[in-house]
Amino acid sequence: MILIDNQPISFPDSSSQSQGKDILDILLENPTLVSASNQFKSQPERIISDSGAHMKHVYVFQREFATVDPAVVQIVGTDEATTCVGLVIRNKNNGLTSVSHMDFPEVVDRGLNQMVQSINNPEAILDVFVVGGFDDSPNKNKRGRQTRKEGYSYPLCHKIIVSLLKRPEKFHLRLLFVLRHNTKSDSHGNQIPIFGGLLLETSTGRVLPACFENHARSPDEIVRRLLVSVSNDDLNLRGNLLDIYDTRRDIFTIPCVRWSMIWSELAYETAQVSDEEFLLQFSTSPFAEPPHFVQCQRRIGRYVIDHPDWRYTFPGGKPRVFQRNDDGTWFKCD
């Protein structure tokens with residue numbers, strides 16, 4: 001169930017795909033949500049450089065989710081979203097907050113189950129914030145290549161809204177900053193997102209546009225980025241978000257994922273292509289990616305080439321565990 005201004009929103013026959021799209025269109029025009037989007041858009045983007053002893057944060061990568069306790073963590077967020085969506089669900093009763101970075105419709109239903117189960121109780125008031133998914137369809141880019149007819153953002157946003165609507169929980173939709181609300185044009189006329197990230201201040205529940213610097217996307221950046229791709233090989237993980245953070249102990253646990261040797265062969269092949277061709281082949285939004293996108297992907301490829309056997313990364317099939325130092329940095333536990 002979705003509520004706006006504490007009133008339930010109902011639509012006829014929300015089960016059909018075409019009607020589902022009408023639901024999303026209607027919500028994008030809702031005056032309360034339009035006002036919230038305009039207010040969000042007017043905020044300066046907050047730059048997160050690192051955690052400190054007095055400002056602990058948790059960063060969520062693509063296809064991950066993390067649930068945090070405001071008594072332990074002050075900021076939780078994600079960025080680098082173009083056609084992906086950052087989803088925040090906050091239990092207003094106790095402040096427990098779950099943040100995910102969803103990339104395809106196939107992870108939405110199970111992902112919502114994971115998020116809600118981590119924060120819910122029968123009387124919970126759940127505030128929901130949705131940020132990302134710029135309008136990527138249909139548009140001619142500067143090279144004259146046609147984008148995917150429907151784009152990637154709309155189906156994902158549509159799936160999230162319809163899934164929230166069908167669930168029994170009461171979701172108070174506070175922000176829907178997606179699609180046309182989160183779209184601008186660059187100097188070449190390509191459509192790009194206005195903001196690709198968000199953070200939530202756990203003490204206040206305030207959501208702001210955000211960008212995390214490289215060293216703030218920790219711990220275990222390269223391995224966590226790698227798992228976005230190779231986790232598809234693991235049937236137990238397919239369709240799920242990676243649950244990587246335990247707020248009770250303030251530790252990250254990166255689950256063991258086994259991948260085949262073919263990934264190193266693929267990495268070697270992609271290392272031979274130009275940056276431009278790399279973008280066109282491996283990005284859902286090649287003209288909207290941040291400047292560091294290709295560099296990050298090549299670092300992942302180099303890691304797989306250097307360490308093709310998953311056993312190097314996960315000796316004995318054990319997860320990688322990281323604990324926070326007193327100064328906010330992370331160290332790997334034996």
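**Close-up views of a predicted model**

**View 1. Strands β17 and β18.** In β18, Val321 is the bridge partner of Thr253. Strand β17 (residues 251-254) and strand β18 (residues 320-324) run antiparallel and are joined by four bridges. Both belong to an open sheet of four strands in the order β16-β17-β18-β19, with antiparallel pairing. At its edges are β16 (245-246) and β19 (330-332), each of which pairs on one side only. Two strands pair if DSSP finds at least two bridges between them. Helices (H or I, at least four residues) and strands (E, at least two) are DSSP runs, numbered from the N terminus. The model is predicted: local features need pLDDT of at least 70, side-chain atom pairs count only at pLDDT 80 or more, and totals for chains, interfaces and linings use all residues. Residues are numbered from 1 along each chain as its sequence is written, and side-chain values use heavy atoms, with hydrogens and water left out.

**View 2. Aromatic pair Phe40 and Phe195.** The two rings lie 5.8 Å centre to centre with 85 degrees between the planes, an edge-to-face pair. Rings of Phe, Tyr and Trp (its six-membered ring) pair if their centres lie within 6.5 Å; planes under 30 degrees apart count as stacked, over 60 as edge-to-face and the rest as tilted. Phe40 is in helix α2 (residues 31-41) and Phe195 in the loop between β12 (191-193) and β13 (198-201), so the pair ties together parts that are 155 residues apart in sequence. Both Phe40 and Phe195 are buried (under 20% relative accessible area; exposed is over 50% and partly exposed in between, with a 1.4 Å probe and protein chains only). Phe40, Phe177 and Phe195 form one aromatic cluster.

**View 3. Phe252 in the largest nonpolar core.** This core has 40 residues, and Val58, Leu175, Leu227, Tyr245 and Phe252 have the most contacts inside it. A nonpolar core is a set of buried Ala, Val, Leu, Ile, Met, Phe, Trp, Tyr and Cys residues joined through side-chain atoms within 4.5 Å. Leaving aside neighbours within four places in sequence, Phe252 is in contact (heavy atoms within 4.5 Å) with residues including Val58, Tyr59, Tyr245, Val321 and Trp330.

**View 4. Helix α3.** Helix α3 (residues 108-119) has twelve residues and reaches 17 Å from its first C-alpha to its last. That is close to the expected 16 Å, which is 1.5 Å times one less than the number of residues. Its buried residues include Val108, Leu112, Met115 and Ile119. Among the elements covering them are β5 (64-68), β9 (126-134) and α4 (153-166).
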